[in-house]
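Me: Please put the sequence and the model up. I have some questions about the fold.

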Amino acid sequence: MKVIAYIRVSTEEQARDGVSLPSQRDKVAAYANLYDLELVETIEDAGESAKSMNRPGLQRALELLNTDEAEGLIVVKLDRLTRSIADWQELIDGYFGEKAGKQLFSVSD
């Protein structure tokens with residue numbers, strides 16, 4: 001199965017330090033390898049809050065799902081996608097629900 005990984009840190013300080021993004025990148029790559037998933041791309045949002053889904057990296061990841069360039073999305077933790085219940089419902093209905101047919105993988109959750 002072709003999958004993309006989405007990684008995110010909230011603050012510019014976290015992005016500059018690079019501790020969190022490389023760690024997330026390693027974890028999603030290891031997860032994909034463990035479950036024999038073809039990781040086609042890792043997309044990141046550095047210094048972007050989960051308060052809104054209007055983030056360049058997330059929008060790119062969702063577009064890859066829409067165009068069937070990937071069949072699934074891997075995140076380290078679900079809160080990397082969103083912390084909003086309304087946004088969760090939109091993601092489930094539009095991408096990961098039964099009708100949408102894409103898979104969501106979380107390393108930690």
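**Loops, sheet and helices**

Me: Is Asp36 buried or exposed?
Reply: The relative accessibility of Asp36 is 68%. Buried means under 20% relative accessible area, exposed over 50%, and partly exposed in between (1.4 Å probe, protein chains only). So Asp36 counts as exposed.

Me: Which pLDDT do local features need here?
Reply: Residues are numbered from 1 along each chain as its sequence is written, and side-chain values use heavy atoms, leaving out hydrogens and water. This is a predicted model: totals for chains, interfaces and linings use all residues, side-chain atom pairs count only at pLDDT 80 or more, and local features need pLDDT of at least 70.

Me: Where is Asp36 placed?
Reply: Helices (H or I, at least four residues) and strands (E, at least two) are DSSP runs, numbered from the N terminus. Phi of Asp36 is near 55°, a positive value in a residue other than glycine. Most residues other than glycine have a negative phi. Asp36 sits in the loop between α2 and β2.

Me: What is the phi of Asp68?
Reply: Asp68 lies in the loop between α3 and β3. At 57% relative accessibility, Asp68 counts as exposed. Its phi is positive, though Asp68 is not glycine: near 60°.

Me: Which strands stand at the edges of the sheet?
Reply: The sheet is open, with four strands in the order β2-β1-β3-β4 and parallel pairing. Two strands pair if DSSP finds at least two bridges between them. Each edge strand has a single partner, so one of its sides is left without a neighbour in the sheet. The edges are β2 (38-46) and β4 (103-106).

Me: What is the bridge partner of Ile4 in β3?
Reply: Strands β1 (residues 2-9) and β3 (residues 72-75) run parallel, joined by three bridges. Within β3, the partner of Ile4 is Leu73.

Me: What angle does the direction of helix α2 make with that of β1?
Reply: Axes are lines fitted to C-alpha atoms, for helices over the stretch in contact (heavy atoms within 4.5 Å). Angles run from 0 to 180 degrees between N-to-C directions. Helix α2 (residues 20-34) packs on the sheet and touches β1, β2, β3 and β4. Its angle with β1 is about 160°.

Me: What do the buried residues of α4 pack against?
Reply: In α4 (residues 85-96), Asp87, Trp88, Leu91, Tyr95 and Phe96 are buried. They share one side of the helix because they cover an arc of only 100° around the axis, taken from the directions from the helix axis to the C-beta atoms. The face turned away carries the exposed Ile85, Ala86 and Asp93. The buried residues pack against α3 (56-66), β3 and β4.
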